Amino acid sequence: MAMIFLLVFLIIFAILGTPLAFSIGASCLTYINSFNPNFLQMLPQRVWGGVFSFVMVAMPLFMLAGELMNTGGITKRIVDFSMYLVRPINGGFGEVNVIASMIFGGISGSSVADTSALGSIEIPAMEQRGYPPKFAAGVTVASSTMGMIIPPSVPMLVYAMISGASVGKLFIAGLVPGVLIGLSQLTTVYVLSVKHGYHPKKEPFNFRDFVHSVIFGLPAILMPLVIVLFVSFGICTASESAGIAVLYSLVLGFFVYHELTVKDVIVALKKTLISSSSVMIIIGFTTIFTWLLTMANVPSTIASFFLSMHLPVWGYALLFDVLILLIGTFIDVSPAILLLTPILLPIMQEIGISDLQFGAMIITGLAIGLVTPPVGMCLNACNKINRMPIIEIFKGALPFIICNVIVLLAISLFPVLTTWLPSVISY
């Protein structure tokens, strides 16, 4: 009964328009004050304990690296390099959009940063080349979902903090799902381009421009590979690799591309401070929420309920896929991971699904929520760029979202897609 009280107040605060972090915090405070006032003195300790994690040091650093990339000219070089990769293929800049998202997402670790950074470049460029605005926006937001799947990934850091899974192995576990999403979206772009005639005028190949784009694009493209290898082989921790990413971005922006200024760095620091602080507040308050659920034995009760259904492993996997997709539609990624992981992970491990496979499942599933109304953080970021109604952006993204759903089903039913590579490439 008390837990129903807690959930009802959470819903009420959310309906009133209270930001999610404070909705969670206010509902917890109301519950504690009503049922267990003695717990009030423990709140500061629990909030601090939720955010005091060495793994989470990497989160603001990866965010900062993404901001520095965008202002330091790295994003533009990634787009130029991607253009030469798909120049001979029908679909043109739509495929550039997907490839650039794969590369950029592997550096920033954030889908929203991907949409904001690449969308401001690619959406106008696609429209100038004759692509319908809905298609250009749809490709941009859908391809940006790879930002939180292809390593390094900020949500993977949050999941690692809660689950205790290896960050290096989680990074590697996200490689195959991320690449599969990219390949399926590339195929979809090609098919739709052939069907609707999205074939911009092909420019002649210029070998000198190609060499120039490779030379200046390669340093940016190598960054995610270096980060993953360093973490996977134990050369450095996730936090240290994030620091390397920031330093790498500064060197490229200041001394290689000569487009980064001290003013740009200050602006990037301010944006990172705001973004990372909001996530940390959510983590702190959600820690209290999950602690209260644990004190009331809610996770074990839910686990007993699901296990009493006696479904096959694939049945549980599909059931939880549906649950993850529903939760991701209404709750942002980080709080959803914090709420779902303590409840669902023990069940998954009980039926034989590893923490790596479940991590890939929950992050791939919640990534879809970034491009589905009503929350849809990537949809909102895209709306700020092109001012198109969110529902229209969603309609343009729908064919590509289906690719994500297919990959989610694949990694849920075939564990080898997420567990084989970490077993081969790990220290």
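Which residues of the largest nonpolar core touch the most other members? In this predicted model, that core comprises 129 residues, and Phe135, Tyr159, Leu292 and Phe358 have the most contacts with other members. Helix α17, spanning residues 333-350, gives the most to this core, contributing 11 residues.

Apart from neighbours within four places in sequence, Phe358 is in contact with Tyr159, Ile324, Thr341, Leu344, Leu345, Met348 and Ile353.

The overall fold may now be considered. The protein chain contains 21 helices and zero strands. Its radius of gyration is 22 Å, close to the 22 Å that the globule rule gives for 427 residues, and the chain is therefore as compact as a globular protein of that length. The C-alpha trace spans about 70 × 45 × 45 Å along its principal axes. Of the contacts between residues at least 6 apart in sequence, 78% join residues at least 24 apart.

Burial and surface complete the description. Buried residues account for 53% of the 427 residues in the protein chain. The chain exposes about 18,200 Å², of which carbon and sulfur atoms supply 71%. As for charge, the protein chain carries 17 positive and 16 negative side chains, and the centres of these two sets lie 7 Å apart.

Methods: Residues numbered from 1 in each chain as written. Predicted model: local features only at pLDDT ≥ 70, side-chain atom pairs only at ≥ 80, totals over all residues. Heavy atoms only, no water. Core = buried A, V, L, I, M, F, W, Y, C linked by side-chain atoms within 4.5 Å. Buried < 20%, exposed > 50% of the residue type's maximum accessible area, 1.4 Å probe, protein only. Helix = DSSP H or I, 4+ residues; strand = E, 2+ residues; numbered from the N terminus. Contact = heavy atoms within 4.5 Å. Rg over C-alpha atoms; globule rule 2.2 N^0.38 Å. Areas by Shrake-Rupley, 256 points an atom, 1.4 Å probe, with all protein chains shown as cover. Lys, Arg positive; Asp, Glu negative; His and termini not counted. Charge placed at Lys NZ, Arg CZ, Asp CG, Glu CD.
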